[in-house]
Amino acid sequence: MWFRLVVVALLATCACHDPDVDTLASIKDKVCACHTGDCADKAVKLVGDHPIESNRRTQKLAKAMLACVAKAHEDELSDEPSGSATP
């Protein structure tokens with residue numbers, strides 16, 4: 001009885017670990033640490049170096065990563081003097 005419970009607990013723990021989530025989370029951390037749009041864009045390109053399976057958790061991380069990219073670009077634009085923006 002106890003053996004079955006231990007086996008089920010181990011399988012449940014192992015089944016939840018997703019290396020794609022770990023990889024994407026690491027890339028997201030790099031993207032979100034960027035203060036410029038160029039830095040964020042370069043960090044996002046790291047995703048192409050790793051084949052990542054799309055699932056609910058990776059999609060959530062990707063959405064958060066893209067929000068960080070957008071914020072880096074917005075912050076960069078807001079730092080520019082008002083007359084230097086190019087149309």
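User: At which relative accessibility does K28 count as buried?
Analyst: K28 lies in helix α2, where helices (H or I, at least four residues) and strands (E, at least two) are DSSP runs numbered from the N terminus. This is a predicted model, in which local features need pLDDT of at least 70 and side-chain atom pairs count only at pLDDT 80 or more, while totals for chains, interfaces and linings use all residues. Residues are numbered from 1 along each chain as its sequence is written, and side-chain values use heavy atoms, with hydrogens and water left out. Buried means under 20% relative accessible area, exposed over 50% and partly exposed in between, with a 1.4 Å probe and protein chains only, and K28 counts as buried because its relative accessibility is 18%.

User: Which residues does K28 touch, not counting residues up to four places away in sequence?
Analyst: Contact is defined as heavy atoms within 4.5 Å. With residues up to four places away in sequence set aside, K28 touches L61, A64 and M65.

User: At roughly what angle do the axes of α2 and α4 cross?
Analyst: Axes are lines fitted to C-alpha atoms, for helices over the stretch in contact, and angles run from 0 to 180 degrees between N-to-C directions. Angles under 35 degrees count as roughly parallel, over 145 as roughly antiparallel, 65 to 115 as roughly perpendicular and the rest as oblique. The axes of α2 (residues 19–32) and α4 (residues 56–79) come within 9 Å and cross at roughly 10 degrees.

User: How many charged residues does the contact of α2 with α4 have?
Analyst: The residues that meet include D20, V21, L24 and K28 in α2 and R57, T58, L61 and M65 in α4. Ala, Val, Leu, Ile, Met, Phe, Trp, Tyr, Cys and Pro count as nonpolar, Asp, Glu, Lys and Arg as charged, and the others, Gly among them, as polar. By class, this contact of α2 with α4 has 12 nonpolar residues and 1 polar residue, and its charged residues number 3.

User: How are α2 and α3 oriented to each other?
Analyst: The axes of α2 and α3 come within 8 Å and cross at roughly 170 degrees. I27, K30 and V31 of α2 make the contact with A40, A43 and V44 of α3, and its residues divide into 5 nonpolar, no polar and 1 charged. The two helices α2 and α3 are therefore roughly antiparallel.

User: Within what arc do the buried residues of α3 fall?
Analyst: In α3 (residues 37–44), the buried residues are G37, A40 and A43, and what covers them includes α2 and α4. The arc is that of the directions from the helix axis to the C-beta atoms. Seen down the axis of α3, the buried residues line one face of the helix, because they fall within an arc of 125 degrees.

User: What is the relative accessible area of T58?
Analyst: T58 has its place in helix α4. Leaving aside neighbours within four places in sequence, T58 is in contact with D20, V21, L24, I52 and E53. T58 is buried, with a relative accessible area of 4%.

User: What separation do the C-alpha atoms of H35 and A72 have?
Analyst: H35, in the loop between α2 and α3, counts as exposed at 69% relative accessibility. H35 and A72 are 37 residues apart along the chain, and their C-alpha atoms are separated by 5.5 Å.
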